[in-house]
Amino acid sequence: MSDEAHEIPLEPERYELRAGPAYWFEVDRRDFFKFLGAGILVVCALKGTRGQESGSGRRSSGEEVPREIGGWLHLGQNGTVTVYTGKVEVGQNIRTSLSQAVAEELVIPVSKVEMVMGDTKLTPYDMGTFGSRTTPTMSPQLRKAAAAARELLIGLAASQWKVDGGRLVAAEGKITDPETKRSVEYAALIKGQELTQTISAEDGLMPAGKWRVQGQSEAKVQGSEFVTGKHRYPSDQKVPEMLHGKILRPAAFGATLASIDTGEAERIPGVTVVHDGNFVGVAAPSTEIAARAIAAIRAEWKVEPQPSNQDLFEYLKKNVAEGDDPTGDGSRYETGAVEKALATAEHRLLQTYTVRYIAHAPLEPRAAVAEWSGDELTVWTGTQRPFGVRSELAEAFRIPEERVRVLMPDTGSAYGGKHTGEAAVEAARLARAAKRPVKLVWTREEEFTWAYFRPAGVIEVSGGVRGDGTLVAWEFHNYNSGSAGIRSYYDVANQRIEFHETRSPLRQGSYRALAATANHFARESFMDELARQVGMDPLEFRRKNLKNERLRAVFEAAAKKFGWGRAKVAGQGFGMGGGFEKAGNVATCAEVAVDRTSGEVKVVRVVTAFECGAIVNPDNLRNQIEGSNIMGLGGALFEAIEFENGKVLNGRFSSYRVPRFSDVPVLETVLLDRKDIPSAGAGECPMIGLAPAIGNAIFDATGVRLRSLPMVPDGLRVA
Amino acid sequence: MAKVTQLNVNGSWRTVDADADASLLVVLRDQLDLTGSKYGCGEGQCGACTVLINGSARRSCITQVGTIGQKQITTIEGLAKGDRLHPVQEAFLAQAAMQCAYCTSGMIMSAVALLKANNNPTEGEIRHFMEGNICRCGTHPRIVAAIRSAAEEMKHS
């Protein structure tokens, strides 16, 4: 069976891939053991290790570990397994599923695995935790490392007993010889030894069909720490002698300081004021005193006129970077002859869709604790890119990266919104001036204003369909919102698809599922519009133009569970949407109820069918799918950043509406477990079908077509 | 300004040094190192800072310490009895009613207050009561299920 969706390359997203400079991991294996104690060390070298191409003239002595490492694992003399990875935990529960992966291959309980994550001193370089990449990339590496450790242990037992290793079995922390019934604990085999093994990322893995730990709904590791309030998030970190920081924010985006008087603030006992260019902040013994000091600063800012959300879409269309593939990232795709196919099609349609800026609003705002020791800097902060933040800090203070350590305690969510290290840099600047550690926690208003937003965008789609429902022409232009998920999985002979880079009036960046949400909203709404024009059932119309078996399977599974095609009552509407993103396949069916008098739109029920290869943790997968749908409700229905002349007007939870308990529909999830396909990440893809499914359902209920996200910030205005 | 020097927190009197208009959340976190109560908005809109005051749910971020007097404050740290978790904490674990879990303390404290006032809430009553608590990860259905199952559990114990 052809699997065309897999042939569509995962396109690098310009708002996401912010690769740091290549990192050369140079450490002698003896240093590892000095730090870890004796035991077994397995290092997973990345494919295409560049050590030999570096031209540095260094010879491989066999004593050095490879320079590009995915992850590493240490099995200590006391039997504890410690796994080191640069990935981080932001609520996706990857700490749990990576522990499962290691426990699986080492045949030990999950509770015996300790994960050290996102600590730039202890873990190998990692670009960051984003793009649903941990499950497909980090998990196999750690599994291979664990499998290699297991084989090494079997080898040790075999030579100790002078038997063939092939007949020995590893289970529950022991190697057993089924013939002699002898067994020995892993820890006893290791005693005093320092064994290193390097494995390559290409080594084989236990097939999903044989999994015993993976594929199970393992509970969140350290769950009791979270329900008792014991876990220390970045904003809960505390070090001795710590001061509290606060920043004076500019009057508007891009504002520059015209004049400043910090005299009164400086006279407050215990307060250190820092004025360095446009940076103005204080460090004080308490948050109250810090706030008082900031209030005592008189500053005048020079503000340039800037666009507002009223002019947003016009602005984006007017500020396109023109030229031949201006982004240079191949974000233009063309096949066949679109104009000719459009001209001869029986049905033609041209529509424009828009999406507004929205905020991630992670419940824990940006936070950091920074501590200097001489010219060495340690920062605890919540970020998806600890190594990226290390680079930011090294750059800001003009010190080598080796002198910066960034630690990432499990953080109060991110959703693509914590790639950057603003709070870390600010806290470190204040700490350097105050000569004491400084903690800085952004206020909610700061997080809404000075982080970055999901890009707004304008999407123009035109299509042509033959009388029998065959799509023959497809043209798709995305202005600004991004290229993720831009390519069509429907089979159309004549296509032109293009992403247009524009100037953005606001600072924009990654957001869970990136532009796939916007592109699927446009594509799947447009498919519904075309189906209505042709006079076909939307599911039938999709089936007719979709060969990809995996996508067809989720559409059919969702439709079946939903009861697609059943009769509806007045005010009720059904809609569907779905697609392919980050190697996952999703289809979503939504039921809405619209009160025509009040304009209230209630999403009543959502059925999601999802397939991402072999399922690692079914309950956590359901949790992610439910969460994607609930988060997606906000952007679909009512979330939008209001801004004017460089200011955010609704940067509070009292004015920026996020989904709450009463907004949540009945959520039903159908999981398709494909043990024959490698596991993909699932934090992003499940949300992309929701907005079009709701929009299509609103049309089904009312005949009103909504082409702008959010769709009903003030309810539905039925003419 | 009048000073507050003592607060009754989790069953014992604790010494603090705060202006009467200081936020209870800041005093709990910065002076008593009880960091289980979280900052999420500072305007009583997200519920991450929820504590019990004489058994009722209160947003500690907008509660001035000067208004508390002799009243008893319970934070997430004071909910378990030794190693024995409160049934609501157990239910949150059993239902996997969390992702990043930053909202969890506030959710649990709100839920405990709800069950104190209404030991058999309907799903609608739960949603209504919990409306002021934000979960950005979207674990709402699991939280509702956890509160329902805790209610059942508490009825039988």
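In the predicted model, helix α3 of chain B, comprising residues 104–117, lies across strands β3, β4 and β5 of chain B and runs at about 35 degrees to β3(B). These strands belong to an open sheet of five, arranged in the order β2-β1-β5-β3-β4 in chain B, with mixed pairing. The edges of this sheet are formed by β2 (12–19) and β4 (56–59) of chain B, each of which pairs on one side only, and the twist from one strand to the next averages 45 degrees. Within the sheet, β3 (residues 50–53) and β5 (residues 72–74) of chain B run antiparallel and are joined by two bridges, and Leu52(B) stands opposite Thr74(B) in β5(B). A further helix, α1 of chain B (residues 24–31), lies across β1 (3–9), β2, β3 and β5 of chain B, and its direction makes an angle of about 110 degrees with β2(B).

The largest nonpolar core has 114 residues, and the members with the most contacts inside it are Leu377(A), Leu393(A), Ile641(A), Phe653(A), Phe92(B) and Ile147(B). The largest share of this core, eight residues, is contributed by α3(B). Apart from it lies another core, of 68 residues, which includes Leu349(A), Phe476(A), Ala518(A) and Leu539(A). As for Phe653(A), when residues up to four places away in sequence are not counted, this residue touches Ala361(A), Leu363(A), Arg444(A), Phe448(A), Val658(A) and Arg660(A) of chain A, together with Gly40(B), Cys41(B), Glu43(B), Gln45(B), Cys46(B) and Ile134(B) of chain B.

In chain A, strand β16 (residues 367–373) has five of its seven residues buried, so that the strand is largely enclosed by the rest of the structure. β16(A) pairs in the antiparallel sense with strand β17 (residues 376–381) of chain A over six bridges, and the bridge partner of Ser373(A) in β17(A) is Glu376(A). Two residues stand between the strands of this hairpin, and Gly374(A) there adopts a positive phi near 65 degrees. β16(A) also pairs with strand β19 (residues 438–441) of chain A, again in the antiparallel sense, through four bridges; Val369(A) stands opposite Lys439(A) of β19(A), while Ala370(A) has Val438(A) as its bridge partner in that strand. Strand β9 of chain A (residues 243–247) pairs with β19(A) in the parallel sense over two bridges, and here the bridge partner of Leu243(A) is Val438(A).

A second open sheet, in chain A, consists of four strands in the order β23-β24-β25-β28, and its pairing is likewise mixed. Strands β23 (572–581) and β28 (666–672) of chain A stand at the edges with a single partner strand each, so one side of each is left without a neighbour in the sheet. On average, and with direction ignored, neighbouring strands are turned by 15 degrees against each other. β23(A) and β24 (residues 584–594) of chain A pair in the antiparallel sense over ten bridges, with Gly578(A) opposite Ala587(A) in β24(A).

Helix α16 of chain A lies across β23, β24, β25 (601–611) and β28 of chain A, running at about 30 degrees to β24(A). The helix contains 14 residues (549–562), which at 1.5 Å a residue should span 20 Å, and the distance of 20 Å between its end C-alpha atoms agrees with this expectation. At its start, a side-chain oxygen of Asn548(A) reaches to within 3.0 Å of the backbone nitrogen of Arg550(A), and after its end comes Gly563(A), which has a positive phi near 80 degrees. The buried residues of α16(A) are Arg550(A), Leu551(A), Val554(A), Phe555(A), Ala557(A), Ala558(A), Ala559(A) and Phe562(A). An α-helix has 3.6 residues a turn, so residues three or four places apart point the same way.

Elsewhere in chain A, Lys87(A) is placed in the loop between β3 (81–85) and α3 (94–106) of that chain. With a relative accessible area of 5%, against a cut-off of under 20%, Lys87(A) is buried. Its side chain is joined to that of Asp126(A) by a polar contact of 3.2 Å. Not counting residues up to four places away in sequence, Lys87(A) touches Met117(A), Gly118(A), Asp126(A), Gly128(A), Thr129(A), Thr134(A) and Met138(A).

Terms used
Residues are numbered from 1 along each chain as its sequence is written. Chains are lettered from A and ligands numbered from 1 in the order in which they are written. This is a predicted model: local features need pLDDT of at least 70, side-chain atom pairs count only at pLDDT 80 or more; totals for chains, interfaces and linings use all residues. Side-chain values use heavy atoms; hydrogens and water are left out. The expected span of a helix is 1.5 Å times one less than its number of residues. Buried means under 20% relative accessible area, exposed over 50%, partly exposed in between (1.4 Å probe, protein chains only). A polar contact is a pair of N or O atoms within 3.5 Å; within protein, one must be able to donate a hydrogen and the other to accept it, and residues adjacent in sequence count only if both atoms are side-chain atoms. Two strands pair if DSSP finds at least two bridges between them. Axes are lines fitted to C-alpha atoms, for helices over the stretch in contact, and angles run from 0 to 180 degrees between N-to-C directions. Contact means heavy atoms within 4.5 Å. A nonpolar core is a set of buried Ala, Val, Leu, Ile, Met, Phe, Trp, Tyr and Cys residues joined through side-chain atoms within 4.5 Å.
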